[in-house]
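Open the model in your viewer and keep the selection tool ready. The tour goes from helix packing to the core and then to charged pairs.

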Amino acid sequence: FIWVHTHTVNPISSKMAFCDTWDADDDGKRVLGPDLQCLDELVSEIEDIRPGDDPWAKYPSLRSLLKDRVDWDTDFPMMSVHEETCDVSKKKKEPCESKSSTYLGPKDAQTGELFARFSDVWNEENDELIVKREQLVNSFWYSKIPNILNKTWDRPHIKNIIMAYGVDLPTEVGYEYRKKDFDDPKKEKPEFDGIPNLEKVIWEAAGGTLKEEVLDTVRGKLTDTLIKKKSKLEPFNGREDAKGSLIHSGDGTIPYVSLSWAHTWLLHAIRAKRFSEGPNPVEGNVLDDVEVSHRPKGAMEWIKGPPPQPMNLDEKKIEDADTGTSHPHGTKYKPEMILFNNIGRSRKTGREYTTTIIEALGVEHKETTRNYDILAACFTEVLKFMYKDFPQPQEGQ
């Protein structure tokens, strides 16, 4: 999950969603818990109902998030910092000697520890990184406003939710930094190190494959901007078959591990019922309450059930695909889409509420709000809600 707040993007570890990872009080009871059954308890229930069958077959994203507990750093460190010492006094140039490596994960970003660890490596003028850490801590952890960085988000308390987003576009998911200390007795060592130097970017691509981008120059240099130099994405760690733990990549801006967390909202109704009434085994898979339908690329009608083959955007066609950045109307015509829907009922009021998740293949982040087909799919759902919520005119009126 990711929380975007003005100019700040903060990853939140998916581990924060499971009760068995939370601290407990003196009586052994869970703390920070919402009025929902724990996700880890629900996973056990799902798998115990029909032994031998694959209850996750139609819900690969939920399997990754709930059963496999995929997190930001499951396949690689979210951020890593490598320090080297280079002796330039010798006539013969030798490779720099590795000094240490630091690996940072989503929890380091949540607490601001990431800034402190970077500050330990880079001696920056005015301690700008520590200032950023203090800003984050004061804004979220020590604020009177409830902290939104200490747990993943549950489904918002809204009657009808529709979340639509694009998938399978190359999206940045990890970063490697390198600092070289040059040992030269002829030169005085500078007082400050400057800004951290980004060396490599890890990307998730179509179908969840992993790529890497090695930066030859400091990212963001004016020369790069003027020349518009674009680095080529290479196989991750030199492996052509490098595959991540998720079935898709993000929308070009937000990673899929964050976007797909909304799939857990589809289980809100069953989690609320289990929390209030206790375990209540039912026949079949509780995930069957989540309806799935799909619309093939270029088609007009939705088809009940998941697509016969997993949705996957051909990487070779990505660069030629219209993702809203080149088309004058900013739309990709009739992309392949899959829709997940669940209907729940409030325990207090008895009112019905719905959760709808729409994934569109190859739709870029900013295009989501202007893609004709996504807007049409969302508006169709809205019309259904309006039909139910507003009284229908009687004959003769």
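Which strands and helices do the buried residues of H4 pack against? In this predicted model, they pack against strands S3 (79-87), S4 (97-104) and S6 (171-183), along with helices H3 (106-111) and H5 (128-141). Select helix H4 (residues 113-121) to see them: Leu114, Ala116, Phe118, Ser119 and Val121 are its buried residues.

Stay on Phe118. Together with Leu66, Leu267 and Phe340, Phe118 touches the most other members of the largest nonpolar core, which has 51 residues.

Next, pick Leu267. Beyond its neighbours within four places in sequence, Leu267 contacts Leu42, Leu62, Leu66, Leu287 and Val290. Apart from this core lies another, of nine residues, including Ala164, Ile374, Ala377 and Cys378.

Turn to the charges. The salt bridges number 18. Select Asp73 and Lys15: their closest N and O atoms are 3.9 Å apart. Asp73 sits in the loop between helix H2 (60-67) and S3, and Lys15 in the loop between strand S2 (8-11) and H1, so the pair ties together parts 58 residues apart in sequence.

Last stop: Asp181. Its salt bridge with Lys99 has closest N and O atoms 3.8 Å apart. Lys99 is in strand S4 and Asp181 in strand S6, 82 residues apart. Lys99 is exposed, at 51% relative accessibility, whereas Asp181 is buried, at 12%. Asp181 also bridges to Lys179, at 3.6 Å between the closest N and O atoms; Asp181 and Lys179 are both buried.

Note on methods. Residues numbered from 1 in each chain as written. Predicted model: local features only at pLDDT ≥ 70, side-chain atom pairs only at ≥ 80, totals over all residues. Heavy atoms only, no water. Core = buried A, V, L, I, M, F, W, Y, C linked by side-chain atoms within 4.5 Å. Buried < 20%, exposed > 50% of the residue type's maximum accessible area, 1.4 Å probe, protein only. Contact = heavy atoms within 4.5 Å. Helix = DSSP H or I, 4+ residues; strand = E, 2+ residues; numbered from the N terminus. Salt bridge = Lys/Arg side-chain N within 4 Å of Asp/Glu carboxyl O.
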